[in-house]
Amino acid sequence: MTSERPVVVVIEDEPQIRRFLRTSLDAHEFTVHEAETGKQGLVECATRRPEVVVLDLGLPDMDGVELIRKLREWSEVPVVVLSARSQEADKIAALEAGADDYVVKPFGMGELVARLRVALRHSAATGEDAQSVFRAGELEVDLLNRRVRRAGADVHLTPTEYRLLVVLVKHPGKVLTQRFLLKEVWGPGYAESAHYLRIYMANLRKKLEADPAQPRHLLTETGVGYRFDAGA
Amino acid sequence: MSDSRPDPDALLARVQRDERKEKRGRLKIFFGAAAGVGKTFAMLRAAHAQRDAGIDTVVGLVETHGRSETIAQLEDLEILPSRMVEHRGGTVREFDIDAALARKPGLLIVDELAHSNAPGSRHPKRWQDVAELLEAGISVYTSLNVQHLESLNDVVGQITGVRVWETIPDKVFDEADEVELVDLPPDELLERLAAGKVYLPEQALRAAANFFRKGNLIALRELSLRRTAQRVDAQMRDYREDHSIDRAWPVSERLLVCVGPGERSEHLVRAARRLAAGLGAEWTALYVETPDLQRLPEGERDRILRNLRLAEELGARSVTVGGGDVAREVVGYARAQNVSKIVLGKPRRRGILRRLVSSTVDRVLQGASDIDVEIIGTEARPSTLAFGLASPILDRSRTHLGVEQRPRSDKLRWPGYAGAAAITVACTLVGALMHGRFEPTNLVMVYLVGIVLVAVRFGRGPSVFASLASVAAFDFFFVPPFLTFAVSDTQYVVTFLVMLAVGLVISNLAASVRLQARIAGYREQRISALYEMSRELAGTYQVESMVRIGVQHLAEVFGSQAVILLPDPGGRVRHPAGDSIAGSLHGADLSIAQWVHDHNQAAGLGTDTLAGSDTHFVPLASPNRAVGVIGLLPANPRRLFVPEQRRLLDTFAGQIAIAIERAQLAEDARTARLQADTEELRNSLLAGISHDLRTPLASIVGASSTLAESSEQLSPAARRDLAAGIAEEARHMSEVVANVLDLARFQAGAFRLNLQWHVLDEVVGGALARSRGRLADREVKLALPADAPLVELDAVLIEQVLVNLLENAAKYTPARSTVTVAAEANPGELVVSVSDNGPGLRPGEEEQVFDKFYRGSPESATGGVGLGLAICRSIVEAHGGKIRAGRSSAGGARFSFTLPQKAAAPVLEAEE
């Protein structure tokens with residue numbers, strides 16, 4: 001983690017995509033190791049000790065979701081998944097297996113690098129002692145005193161809204177699936193009551209966002225879940 | 001006048017006959033007067049000649065009877081293996097028709113055309129096997145003795161005193177392509193017999209002494225010669241017709257034979273056939289169905305059916321007409337059909353009775369004064385002899401299912417007589433009350449009322465009984481001297497006679513009224529059953545429900561377990577899938593059903609084909625195609641084969657077939673339309689895509705090759721420009737591909753709506769976030785309901801709709817335009833609109849824009865295949881909503897769509 005150039009393992013079977021990822025990530029100051037197959041990818045992850053993994057879900061020898069599950073048995077390294085559009089179910093499966101984020105193909109390099117940096121930051125943050133005060137833009141969440149402020153003014157949240165906000169800010173930048181959020185905030189019995197989550201999220205946005213229809217922090221990943229964007 | 005020109009109908013018939021003949025195999029019959037004349041030998045010799053002429057000749061079955069000359073003939077011919085059949089404890093060698101059909105030789109030798117196959121064979125008779133072989137295009141050589149010809153069977157029986165059971169219809173003989181008479185003078189035959197060269201079957205051995213008498217052999221020889229000559233005569237006639245030498249045959253005769261129950265009719269039918277053959281006339285067997293039909297015992301009714309079938313087998317057309325008076329119907333039919341000769345049996349009544357009551361024959365003679373009437377003498381004959389040619393149907397079905405014949409209305413009779421007795425007793429009691437106060441003649445009236453009651457309630461027998469009992473009781477109780485049957489006053493004898501006569505007349509009248517009513521009731525039942533089914537069939541469009549309706553009605557009306565088997569696309573008949581229906585038949589024999597389907601002929605129980613089956617199979621054939629097969633397993637087979645029921649079954653089958661064909665045609669049309677649609681979509685997709693993919697590809701290849709090959713010469717700014725161009729075009733291509741894939745997915749119906757409760761603002765927000773790049777230099781205004789309502793929709797898809805509409809707005813408006821997203825939650829419906837203040841749609845364009853590949857400005861460089869709005873429409877319609885285009889208040893375009901909200905949004909308890 002002290003290395004100047006973060007180590008990334010790219011697991012992708014398409015040589016063309018591997019080539020441009022290597023070139024561009026290299027240009028963005030990453031040390032890139034490539035793997036063509038799932039098996040090889042797991043070996044690379046074990047030997048290179050990457051700080052972040054880029055994983056294509058469609059591999060020839062192994063289901064990407066399966067790979068994440070295996071990886072999670074011994075590593076907490078952030079995983080960013082590459083997936084095709086209109087595969088919400090795959091994305092959700094990958095996220096629930098332990099992936100941190102996903103990028104939809106075709107993607108711009110800028111987008112991928114931004115996601116990778118967020119993931120790196122996130123893992124760095126959880127690596128340290130948990131922060132007691134969380135700041136994002138004009139938003140401030142004081143976990144110790146259970147206080148939330150927006151532009152310096154106290155905001156009153158109901159207990160559920162507060163619990164939801166806390167789960168989100170504790171995983172900045174990471175896409176949290178609906179099921180995960182429901183389980184964390186309401187308990188395991190509510191996994192299917194997605195509209196609870198949507199209503200409370202709408203309430204949170206009304207209280208915390210300047211323009212609730214075009215939020216800046218509490219972002220929707222349609223069909224998948226939500227993401228807390230701490231903002232640059 | 002152009003009477004020398006051939007009759008077009010005859011010409012057509014000839015052409016059809018020739019056509020049929022061309023495809024069919026040819027049948028040659030080696031015909032002889034008796035066993036031992038050398039038919040098999042002659043046949044095999046001819047077979048050799050054919051084989052030597054290069055014809056693929058195979059022996060199907062030949063009975064050598066151990067004769068060395070015949071065996072020598074067989075030696076160098078290919079012989080098909082026979083089928084060994086277990087029959088009555090022994091094994092019987094039978095001809096294997098399937099092997100023959102599989103081998104498909106050019107010429108097949110099958111001995112003994114009149115042979116009856118062992119039970120369980122496909123056809124009961126060998127001539128039917130041969131007919132199928134001919135149908136399959138295989139030529140056949142076969143042998144036949146004169147005594148086996150149906151029409152001559154009884155004559156031969158009379159001459160020789162031996163009646164054979166195995167007969168073939170004359171039609172087979174007449175329609176054979178060639179008949180070769182194998183003739184041997186009686187003396188030589190007797191010599192051969194004496195020399196032991198003639199094999200005789202066991203039963204013939206017993207009769208041999210009688211049979212092979214010189215006189216018999218001469219008679220048989222004459223019969224066979226004459227029959228052959230008749231055939232030659234017919235051929236000559238055909239030849240004349242074929243060559244339009246028609247003057248010799250001015251008008252063809254028409255013959256009508258009247259068939260009734262009784263064995264005399266069988267004789268009558270044969271006589272008519274001989275007469276018709278002699279005259280070269282076509283002939284019809286007529287049965288007049290009077291109300292008496294219902295009164296006849298079952299055995300008699302069977303016999304009518306048999307006689308009609310016999311007539312059919314002998315080449316007649318059989319007709320049944322309904323009516324009260326036989327003579328009037330016969331004459332009426334004869335006139336209507338232009339019959340030249342009526343054949344009737346001699347009346348049975350003789351002497352005075354005949355003079356008192358005129359017989360049917362007399363009345364026909366009176367009515368048809370202008371038509372020849374031929375009266376055929378009849379002879380009594382032991383009925384066992386006639387049994388041999390009984391139609392196989394009824395005997396078979398009876399013995400096969402072990403259904404015993406039961407006296408008709410056995411169960412009704414006893415209560416009937418008991419009731420008659422009770423009513424007579426009641427009348428006597430009433431009479432006892434009236435006695436002394438009324439004249440005895442008035443008591444007679446009471447009894448008559450009783451007799452009427454009995455007649456109406458219990459029918460003829462009991463009412464005759466009541467008449468007699470009433471007279472007796474009246475005499476016993478009310479005529480002095482009382483309590484004896486003696487009569488003191490003779491005038492009471494008149495009273496008794498009149499009373500009895502009136503009683504009997506009433507009985508008859510009432511009983512026949514009752515009968516008429518019952519017949520009318522049956523008719524009514526049949527018609528209403530048919531109507532009921534037609535009505536239900538008309539009300540449905542699906543084959544499955546038609547099959548269900550058909551099975552239900554068939555099971556009910558025919559007292560059978562029923563099944564309707566439909567063929568799969570490959571033409572193989574299949575058991576129906578799915579739940580079984582009440583009354584449905586399981587495990588029907590598919591191989592028989594397949595045969596029925598292929599040959600479009602009934603088979604199984606009660607037919608000539610595979611009669612050993614317990615199920616009756618009828619083809620479901622519409623005028624245009626074979627639709628399927630009905631299988632019926634009747635609880636009581638006899639009921640199914642009454643003529644009325646058979647006709648009814650045919651009608652039912654016709655109705656069901658037409659209904660199913662209607663459904664199948666509709667289905668075919670739907671499939672064809674769907675295919676045409678798909679085809680059209682594919683074509684326009686190809687056309688659209690190829691343009692929209694090639695253009696960006698061209699610029700990508702151009703720009704990237706420039707970068708790859710001459711990067712050094714380019715300034716950093718130029719390089720960036722080229723790269724940005726590549727990125728832009730690639731993104732565009734990806735959009736096109738994504739749209740095409742989406743649309744294909746929607747069109748294929750391969751997606752499932754994932755309806756959930758969503759907060760409207762969030763869905764709109766998601767769309768805006770995705771379109772942010774495209775809308776960068778446009779102002780976006782939102783007009784959403786203040787309370788952020790919960791709406792039920794598929795968020796991913798509706799977000800796609802909004803993205804497409806927003807990008808559409810971006811595409812067709814100038815920079816710095818305003819785009820407004822508005823929504824309204826009406827009761828039961830959500831309305832969302834995206835409008836702009838751009839140039840708007842051209843008039844008339846409002847519907848077109850949702851078509852695939854429609855573009856606002858086809859010539860412009862504005863990208864897109866024109867699929868965006870088509871996708872929007874698919875998605876909105878999948879939600880049950882509507883999308884429309886129009887003019888916005890700001891003068892630009894406005895797209896709005898509705899999403900029905902059927903359920904009430906869930907309510908959450910508020911915290912604190």
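The legends below describe close-up views of a predicted model. Local features need pLDDT of at least 70 and side-chain atom pairs pLDDT 80 or more, while totals for chains, interfaces and linings use all residues. Residues are numbered from 1 along each chain as its sequence is written, chains are lettered from A in the order written, and side-chain values use heavy atoms, without hydrogens or water.

View 1. Q178(A) is buried at a relative accessible area of 18% (buried: under 20%, 1.4 Å probe, protein chains only). Leaving out residues up to four places away in sequence, Q178(A) touches A194(A), L197(A), R198(A), V224(A) and G225(A) (contact: heavy atoms within 4.5 Å).

**View 2. Contact between chain B and chain A.** Chain B gives 27 residues and chain A gives 25. About 2100 Å² is buried, 54% of it from carbon and sulfur atoms (accessible area lost on being put together, 1.4 Å probe, summed over both parts).

**View 3. The salt bridge between R205(A) and E762(B).** The closest N and O atoms of this pair are 3.2 Å apart (salt bridge: side-chain nitrogen of Lys or Arg within 4 Å of a carboxyl oxygen of Asp or Glu). The count between the two chains is 1 salt bridge. On the side of chain B that touches chain A, α27(B) gives the largest share, 6 residues.

Conventions
Buried means under 20% relative accessible area, exposed over 50%, partly exposed in between (1.4 Å probe, protein chains only). Buried area is the accessible area (1.4 Å probe) that two parts lose on being put together, summed over both. Helices (H or I, at least four residues) and strands (E, at least two) are DSSP runs, numbered from the N terminus.
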